[in-house]
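Please review the following briefing alongside the sequence and the structure. The points are grouped by topic.

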Amino acid sequence: MKKGTEINRGTRSYATKDNRFAIQTFSLSRKFGDLVAVNSIDLSIEEGELFSVLGPNGAGKTTTIKMLCCLLRPSSGTATIMGHDIQKDTIAVKKVIDVSPQETAIAEHLNAWENLSLMGGIYGLEKEEVKKRSEELLEMMGLTKRAKDKVRKYSGGMKRRLSIVMALVSDPQVLFLDEPTLGLDPQSRRSIWEHIAELKGKKTIVLTTHYLEEADALADRVAIIDEGKIVALGTPQELKDSISDIQVMVVKAKNLTIDVIEGLREKYPEVKEVEDGIEIKAKEFSFDEVVDYLRPRGVVIESTSRKQPTLDDVFLHLTRKELRE
Amino acid sequence: MRFMILAKRNFKEVWLDPLSIGLVIGLPVGLLLMFQPIGRLNPFFTPTILAPGIAVYAFTMLTFSSGMILARDRESALLSRLLTAPLRANDFISAYSLPYIPVAIIQIALVFGIGRLLGLEISGNAGLVFLVIFVMSIGYIGLGMILGSLLTSKQVPIVWTAVNLLTIFGGAWVPLEALGGAFQRAMKALPFAHAIDAARAVMVHGVGFSDIAVDFYWVLGYTLVFFALGTILFRRRMVE
Ligand SMILES: Nc1ncnc2c1ncn2[C@@H]1O[C@H](COP(=O)(O)OP(=O)(O)OP(=O)(O)O)[C@@H](O)[C@H]1O
Ligand SMILES: [Mg+2]
């Protein structure tokens, strides 16, 4: 079992440098003007661990990854990758990492082969090795047939697929995947997932995603970040368990007024308007209490029911934000 | 030599842009042909006198094209991906400069080749002329690296206009003696007039290296400074 899986909400223990970890961050922070994009993040990721970073738009996921890849300078704090400091030892860091950026990053005038050889060559790989790996990667992404076409002529999804596998040519020790499956069709998404699952245990992988299923199925541990801070950290199961005591009540009703909903919000922290009614989330409440509140206010209740919390609920509960807009 | 693979990609980028390559190569040829009839009337406009100025003026296109490609790539996701690879600033600068060396050689060959057909004469050592002019062309590529590292692709053309004007008034079109005074001295501090004067001295008067040594080192020094500055600026842009 991994260590340090205790659910962590805001409280942080100051990490000390430890070579067991592939990635360690020490109060890593980044500001853009007045905006604090990443706010004092402390993480220790073990070698071979698949670590997923989850968070709404603008949470600071990409900013964190860019700092770990030496593209952005931390405003304060620092981090190490395989023991190398990201600010002092950039070349040593760059030798062991590779990144699939959130944005599609390919050379438009080259074909898929040439794009992959470009990456292989830059990392100093032998031609034969690059060729062998490229063949596998193109096959995996279903690009073999189009491999000799200029990538300028590819569809958006094809470009995306190529962009992802370009991070895999160099066979890095530490791999950063920034929303790798964004904009892919289900089949390509599944191939990527399968490939990531194969790499699991062999490489240290940091994966950002909006798909909870993705994190749930693949990750050893998940960090949920919001507004630059870690709001929860643990295995997927631990995260789900952490809100298992939370109940969700679905009320289908008519005549719900804004005043009534506001009134409910004062009693219960999470009241969400859904189609034909409302969803109330709380640690403890009784149906009678809710019904007794609604009836005298002219609300016509059609049905009430209880729902199992989903992973999306975990996220919503912690960040009070929808994961996908 | 990991940068070679990137240089190869950039080489394609340069040669697959027919408009820019057409301008880079077409400009000196056009100028030479345009001045040809005038040269018959005014001795200042003979191919022998004009060729060095035309060549150096044409090199401003190297600055423009190399600066634009670097600035544009710096704005692209591809370069930000390549910046996470174990390459250093000088690898990037090499990879973006190298593809322009054959372009510069083609420019020089065209100016002097066509000039020759139009009656250009070199009384001194042709190799010496090539050396000075060639080092100057590398300097202009270095200027492109400065512009491309420092500026956005929108700003490059604006600043490049200044490079262009400095070249025109630095001896490529306007004889410095005609300007005189402080302006002449200022222009003499730049390398452009030195390259042109040195090449002309060899072509017209047949002087040897020792006579143009100062000019040559002036040009070489600037070229090295341009590259050093380009590399430093690029390095500073590698991490934001
Ligand atoms: N170069 C920049 N200049 C100014 N602000 C920036 C810059 N890059 C990011 N930000 C801001 O930092 C915050 C975090 O952005 P970041 O890209 O890290 O979010 P994210 O979690 O990756 O979001 P998404 O899910 O949308 O990709 C945002 O508010 C964003 O506007
Ligand atoms: Mg992002």
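The shell around ligand 1 comprises 5 nonpolar, 7 polar and 2 charged residues; Ala, Val, Leu, Ile, Met, Phe, Trp, Tyr, Cys and Pro count as nonpolar, Asp, Glu, Lys and Arg as charged, and the others, Gly among them, as polar. This is a predicted model, in which local features need pLDDT of at least 70 and side-chain atom pairs count only at pLDDT 80 or more, while totals for chains, interfaces and linings use all residues; side-chain values use heavy atoms, with hydrogens and water left out. Residues are numbered from 1 along each chain as its sequence is written, chains are lettered from A and ligands numbered from 1 in the order in which they are written.

**Contacts of ligand 1**

- Ligand 1 is surrounded by 14 residues, the closest being Gly58(A), Lys61(A), Thr62(A), Thr63(A) and Gln102(A); a residue counts if one of its heavy atoms lies within 4 Å of the molecule.
- Helix 1 of chain A is the element that gives the most to this shell, with 3 residues; helices (H or I, at least four residues) and strands (E, at least two) are DSSP runs, numbered from the N terminus.
- An oxygen atom of ligand 1 lies 2.6 Å from an N or O atom in the side chain of Thr62(A), and an oxygen atom of the ligand is 2.9 Å from a backbone N or O atom of Gly60(A).
- For the side chain of Glu179(A), the distance from an N or O atom to an oxygen atom of ligand 1 is 3.3 Å.
- The protein buries 63% of the 630 Å² that ligand 1 exposes when taken alone, by the Shrake-Rupley method with a 1.4 Å probe.

**The magnesium ion**

- Thr62(A) (OG1) and Gln102(A) (OE1) coordinate the magnesium ion (ligand 2) at 1.9 to 2.1 Å; donors are N, O and S atoms within 2.8 Å of the metal (3.2 Å for Na, K and Ca), and sites may look incomplete because water is not among the atoms.
- Thr62(A) lies in helix 1 (residues 61-68) of chain A and Gln102(A) in the loop between strand 6 (97-100) and helix 3 (112-122) of that chain, so the pair ties together parts that are 40 residues apart in sequence.
- Thr62(A) is partly exposed at 23% relative accessibility; buried means under 20% relative accessible area, exposed over 50%, and partly exposed in between (1.4 Å probe, protein chains only).
- Gln102(A) is also partly exposed, at 31%.

- Gln24(A) belongs to strand 1 (residues 21-32) of chain A and is buried, at 2% relative accessibility.

Technical notes:
A polar contact is a pair of N or O atoms within 3.5 Å; within protein, one must be able to donate a hydrogen and the other to accept it, and residues adjacent in sequence count only if both atoms are side-chain atoms.
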